[in-house]
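The following note sets out points for the review of a single model. Please read each point alongside the coordinates.

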Amino acid sequence: MTAPSKTVFEFTGLKYGNYTLVEIRTPDGYNTVDPNSENLKVKVEAGTSATHATIVSRNVVNLAGATLPETGGIGTTIFTAVGSVLMVGAAILYITKKRSEDCAN
């Protein structure tokens, strides 16, 4: 088993405060990282001296996953149209049969 590759990001000039890392674009073949994950929250505080920066380390795991099927699209339109035509056809057949039975009696 090989160790996963690591990517390091360095941010300089940040003011003290709370920050959240945001994944803007997910690489192909991977699942999007949960934006509410506590692992993506960073608090920048003062270092031990004026020249010492705060170093914060976060491990964000990119999970490879299957692409989920899309919802909606043209496929649902076709099924809706065919279903509507079948319902209207069934209603017409029912009314026609009911009228012919009434005329026979």
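1. Terms for burial and strands. Buried denotes under 20% relative accessible area, exposed over 50%, and partly exposed the range in between, with a 1.4 Å probe and protein chains only. Helices (H or I, at least four residues) and strands (E, at least two) are DSSP runs numbered from the N terminus.

2. Basis of the model. This is a predicted model, in which local features need pLDDT of at least 70 and side-chain atom pairs count only at pLDDT 80 or more, whereas totals for chains, interfaces and linings use all residues. Residues are numbered from 1 along each chain as its sequence is written, and side-chain values use heavy atoms, with hydrogens and water left out.

3. Confidence. The average pLDDT (the predictor's confidence in each residue, from 0 to 100) is 78, and 79% of the residues score at least 70. Confidence is highest in helix α1 (residues 74–104), at a mean of 89, and lowest in strand β2 (residues 41–44), at 81.

4. Overall fold. The protein contains 1 helix and 2 strands, in the sequence order β-β-α. Strands β1 and β2 run antiparallel and are joined by 4 bridges; two strands pair if DSSP finds at least two bridges between them. T20 stands opposite K41 of β2.

5. Of the 105 residues, 4% are buried. Contact means heavy atoms within 4.5 Å. Among contacts with a separation of 6 or more, 50% involve residues 24 or more positions apart.

6. Y16. This residue lies in the segment before β1. Is Y16 buried or exposed? Y16 counts as exposed because its relative accessibility is 61%. Leaving aside neighbours within four places in sequence, Y16 is in contact with V44, E45 and A46. The C-alpha atoms of Y16 and V44 are 4.9 Å apart, although 28 residues separate them in sequence.

7. Nonpolar surface patch. F9, F11, L14, Y19, L21 and V60 make a nonpolar surface patch of about 570 Å². Patch residues have over 30% relative accessible area and no salt bridge; like charges are joined within 9 Å and nonpolar side chains (Val, Leu, Ile, Met, Phe, Trp, Tyr) within 5 Å. A salt bridge is a side-chain nitrogen of Lys or Arg within 4 Å of a carboxyl oxygen of Asp or Glu. Areas come from the Shrake-Rupley method with a 1.4 Å probe; for residues, only the protein chains shown count as cover. L14 is partly exposed, at 39%.
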